[in-house]
Amino acid sequence: MLLRTLSVSIDGIMEHGSWNFGWRSARTPLLLLSAATLLTLSVEPFGQWYLAWIALAPWLAVVANSRSARRAMLSGFSVGVLFFALNLWWLWTASVPGLIVLIVYFSLFWGAAAGALHFLGLSSPSITATR
C-alpha cells in the first residue's frame, strides 16, 4: 500500500512538475534492481536477513503490475539473473561457462515463480471480509 501510494505521488509530481524525466519507464528496472540489491544484502557476508522480506515488496509490485504472465516471467528472470550474478561471481575461477549456465538455470526458477504468481493472481492482494 505504501509503495503504491509513493509511486502515485511521485508520478503526480513528475507529470505536473517541470522535471518530467520519464519516471514511468524507469520504475520497473529500478524496482527490480532494488529487489536484487536488497536480497544480496540479506545474505552473507552482509547477513542482514530482515532485508529479504523487504526485498520481496518491489519484486511482487513488478509482478503484480505486469501486463501478462510472460512479462512477469521476464521480470522474475531478470531479478534472478541480477541476484545470482551478484552472489555467485566467485565461481568464475572454476568455470566461466559453468557460472553462466548456473546463473541462467537458477534464474529460471525465479521466472517460473513470477509467472505462476501472476497467472494464478496471487501477486495482487485481495481483501475479502467474511462474517
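## Packing of α4 against α5

In this predicted model, helix α4, which covers residues 69-87, packs against helix α5, which covers residues 96-120, at an angle of about 145 degrees, and the axes of the two helices lie 7 Å apart. The crossing in which α4 passes α5 is right-handed.

On the α4 side, the contact is formed by A69, A72, M73, G76, F77, V79, G80, V81, F84 and A85, while α5 contributes I103, V104, F106, S107, L108, W110, G111, A114, G115, H118 and F119. Sorted by residue class, the contact between α4 and α5 holds 15 nonpolar residues and six polar ones, with no charged residue taking part.

## Overall architecture

The secondary structure of the chain consists of five helices and zero strands, so that, by the helix and strand assignment used here, the pattern read along the sequence is α-α-α-α-α. Of the contacts in the chain between residues at least 6 apart in sequence, 59% link residues that are at least 24 apart.

Of the 131 residues in the chain, 29% are buried. The accessible surface of the chain amounts to about 9,200 Å², and carbon and sulfur atoms account for 72% of that surface.

E44 and P45 are joined by a cis peptide bond, for which omega is about 10 degrees. P45 is located in the loop that runs between α2, residues 23-42, and α3, residues 51-64.

R70 belongs to helix α4, and it counts as exposed because its relative accessibility is 72%, where the cut-off for the exposed class is over 50%. Although R70 and A114 are 44 residues apart along the chain, their C-alpha atoms are separated by 9.1 Å; A114 is also one of the α5 residues that make the contact with α4.

L33 is found in helix α2, and its relative accessible area of 43% places it in the partly exposed class, because that class lies between the limits of under 20% for buried and over 50% for exposed residues. In sequence, L33 and V79 are 46 residues apart, whereas in space the distance from C-alpha to C-alpha is 7.1 Å. V79 is in turn among the α4 residues that make the contact with α5.

Conventions. Residues numbered from 1 in each chain as written. Predicted model: local features only at pLDDT ≥ 70, side-chain atom pairs only at ≥ 80, totals over all residues. Heavy atoms only, no water. Axes fitted to C-alpha atoms, helices over the stretch in contact; angles between N-to-C directions. Helix = DSSP H or I, 4+ residues; strand = E, 2+ residues; numbered from the N terminus. Left-handed = near helix turned anticlockwise from the far one by under 90°. Contact = heavy atoms within 4.5 Å. Nonpolar A, V, L, I, M, F, W, Y, C, P; charged D, E, K, R; others polar. Buried < 20%, exposed > 50% of the residue type's maximum accessible area, 1.4 Å probe, protein only. Areas by Shrake-Rupley, 256 points an atom, 1.4 Å probe, with all protein chains shown as cover.
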